[in-house]
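Q: Hi! Could you walk me through this one with me? I'd like to start with the aromatic rings and then move on to the strands.
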Amino acid sequence: MVVIVLSNKIRKYEVEEIKAALDEANLTYYEGSSSKLHLIMVNGSLNQSQTENIRSLKGVTHLIENHAPYPLASRDVKDENTTFEVKGQVIGGDDVNMVAGPCSVESREQIFQTAELLYELGFKFIRGGAYKPRTSPYSFQGLGHEGLKMLREAADAYDLRVVSEVIDYDVLDDVYNYADILQVGSRNMFNYYLLKQLGKIDKPILLKRGMFASIKEWLLAAEYILNGGNDQIILCERGVRTFDQDVRNQMDIAAISLVKELSHLPVWADPSQGSGVKNLIEPLSKASIAAGAHGLMIETHPNPEKALSDGQQSLNFDHFRNLIKNLIPLLEGLGKSFYLSTPNLTTN
Ligand code: PEP
Ligand code: MN
């Protein structure tokens, strides 16, 4: 594939002239654009005279040969890291975001207690599923709209931003109205129709890796969202399925470093889903930070034994505080810190 990078100021008739030149050379192509980039992807390769001809056309900035199949997500076209803000909080910057909370919103008490804990620690993001994609239809399916309302109220009371999952197009408006970042779960990474719709909205998307998705498939899923016009995307490694029976998923630490190399998008890590094992959350959090993750997503619950979903991998509040305490020296060693509202973290 050859990518023709177009100028931001290109006129419509100039785009048509480029396409006409490609048609004349019997080349097949498709157009792609995010809010910042406008590209024409040409299948196959160009000979020297075709290359020179295209290069000379008005509105063409440059050509990239042997391009990755996900040009908008790749570093070939945009080398600098993508960063953006969610209500004043930087995503994809030099420090590390912490997003924590229960797997599912279960009650007012549960979500307010969690919000209070995060506020005390100085964290700025809370997670909680209201619409849950469960493996069994007999498992708790989430509180839906009521859950989103509780989550938003708790977040507003403690100055937190909300991350919550959108499981289907049907609930997109509802999640959009209450969440600050919309999560696409592992089971939905391949839902291309939903990804296209998320390309049209003006809120960030947390795109979890499908549990059996290759890195190329994951970046192509991001490409769907970018191509729809939404360039606020966070990639989230959450483990993949392997033959192993002792862990729920196998956290792919190498993927964190690799996608950072391949893509300019921010990368977070979810060691809770990534192992499904409480005791592995701390080592995997450390490994994720060391591999360069821009953020961590951790499941914590006031009473994991009673959790309605993912209790086996949720940390109670003491364990969560302890995790944070143990991550600080590693961050310091790397010259980083958590993005916090309070400079002095109390972890007792
Ligand atoms: C979750 O975050 O609770 C969740 C269901 O994640 P995943 O889609 O990665 O399984
Ligand atoms: Mn979960």
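Q: Which residues do ring pairs link into a cluster?
A: That would be F190, Y192, F212 and Y224. Keep in mind that this is a predicted model.

Q: And how many aromatic pairs does the count come to?
A: Eight aromatic pairs. One of them is F125 with W268, edge-to-face at 6.3 Å centre to centre, with 70° between the planes.

Q: Which parts does that pair tie together?
A: F125 lies in strand 8 and W268 in strand 13, so the pair joins parts that are 143 residues apart in sequence.

Q: Are those two buried or exposed?
A: Both F125 and W268 are buried. There is also an edge-to-face pair between Y169 and Y193, at 5.6 Å centre to centre and 85° between the planes.

Q: Where do Y169 and Y193 sit?
A: Y169 is in the loop between strand 9 and helix 5, while Y193 belongs to helix 6.

Q: What lies over the face of Y176?
A: K203 does, at 4.5 Å from the ring centre.

Q: Switching to strands: what runs 7-8-9-10-11-12-13-14?
A: A closed barrel of eight strands, with parallel pairing. The twist averages 25° from one strand to the next.

Q: How many bridges join strand 9 and strand 10?
A: Three, in the parallel sense. S164 stands opposite L182 in strand 10.

Conventions
Residues numbered from 1 in each chain as written. Chains lettered and ligands numbered in written order. Predicted model: local features only at pLDDT ≥ 70, side-chain atom pairs only at ≥ 80, totals over all residues. Heavy atoms only, no water. Pairing = 2+ DSSP bridges. Helix = DSSP H or I, 4+ residues; strand = E, 2+ residues; numbered from the N terminus. Axes fitted to C-alpha atoms, helices over the stretch in contact; angles between N-to-C directions. Phe/Tyr/Trp six-rings, centres within 6.5 Å; stacked < 30°, edge-to-face > 60°. Buried < 20%, exposed > 50% of the residue type's maximum accessible area, 1.4 Å probe, protein only. Lys NZ or Arg CZ within 6 Å of the ring centre and 35° of its normal.
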